[in-house]
Amino acid sequence: HTDDVAVHSANEQKVAIPDPMIVWQESMKLAAAEQEKDLLSKWLNPTYLKPECMKQLQAKFVEDSHVTLMDFLDDALYYKLLQQLFAVQISSSQSQSQKEKRMFWTLKGPIHRRLYNVLQRNGVECDKDESGGGDFALIEEFERLLQSMQWKSFIAQITSLDVLQHNTECRKFGHRNYSLAHDLDRVKDSAGLDVNFQFVENESDGWDPAHGGSVY
């Protein structure tokens, strides 16, 4: 098997015909890249995709090693995604009903280090969650965005850092949830980059200082 197949024309000239499988694979790669580009432009505030803005963000990050991006996501999609995230039910055990759910929140420990809910999915193919929470298509689409090469490229451009691999975790904090710094954190001394998205329920009411902490 070779990449090209040579055939003879009527005048005995050789013509190289590309391998159909290679052509198909390349076309699929191009189509996937276009879909990722569409996701980036669909979800992100277009201001942050402008070259001049990206250069300013890069300079800010290089100087301060951090940057906060306000109104980063498309406003309408942000609130729809927020609604879907809060529609996912919290489960505390591997019950049969949980196994039938498309997505659910489950507690993560150990409790002497952390106690908060993480978003889990079980791969069940369905259009609607059995809890009546509705379609979670936007959550899945947002996950695809964060796993795409276009997203990695965007982060690399505004930080001047090479994004070789990444891990994502969706956390839900409520009353009595917490996360503690500790000496057994195996990644705390490793070089890396943290990218945090904050989704706040009823954020229009503001943050009550009496609760402690802050939201920005």
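In the predicted model, Thr-106 touches Ser-91, Tyr-116, Asn-117, Val-118 and Gln-120, residues up to four places away in sequence not being counted. Thr-106 belongs to strand β3, which spans residues 103-108. Its relative accessibility is 18%, and Thr-106 therefore counts as buried, the limit for this class being under 20%.

Gln-198 is found in the segment after β6 (178-179). With a relative accessibility of 39%, Gln-198 is classed as partly exposed. A separation of 10.0 Å was computed between the C-alpha atoms of Gln-198 and Cys-170, which are 28 residues apart along the chain.

Helix α6 comprises residues 149-159, and its buried residues are Trp-151, Lys-152, Phe-154, Ile-155, Ile-158 and Thr-159. Because these residues cover an arc of only 160° around the axis, they lie on the same side of α6. The helix is followed by Ser-160, which has a positive phi, near 65°.

The mean pLDDT of the protein is 77, with 64% of the residues reaching 70 or more. Confidence is highest in helix α2 (residues 51-64), at a mean of 94, and lowest in strand β1 (residues 4-8), at 38. The pLDDT is below 50 over residues 1-10, a stretch that has 18 contacts in the model beyond near neighbours in sequence. Over residues 124-134 the pLDDT is likewise below 50, and this stretch has 19 contacts beyond near neighbours in sequence.

Methods
Residues are numbered from 1 along each chain as its sequence is written. This is a predicted model: local features need pLDDT of at least 70, side-chain atom pairs count only at pLDDT 80 or more; totals for chains, interfaces and linings use all residues. Side-chain values use heavy atoms; hydrogens and water are left out. Helices (H or I, at least four residues) and strands (E, at least two) are DSSP runs, numbered from the N terminus. Buried means under 20% relative accessible area, exposed over 50%, partly exposed in between (1.4 Å probe, protein chains only). The arc is that of the directions from the helix axis to the C-beta atoms. Contact means heavy atoms within 4.5 Å. pLDDT is the predictor's confidence in each residue, from 0 to 100.
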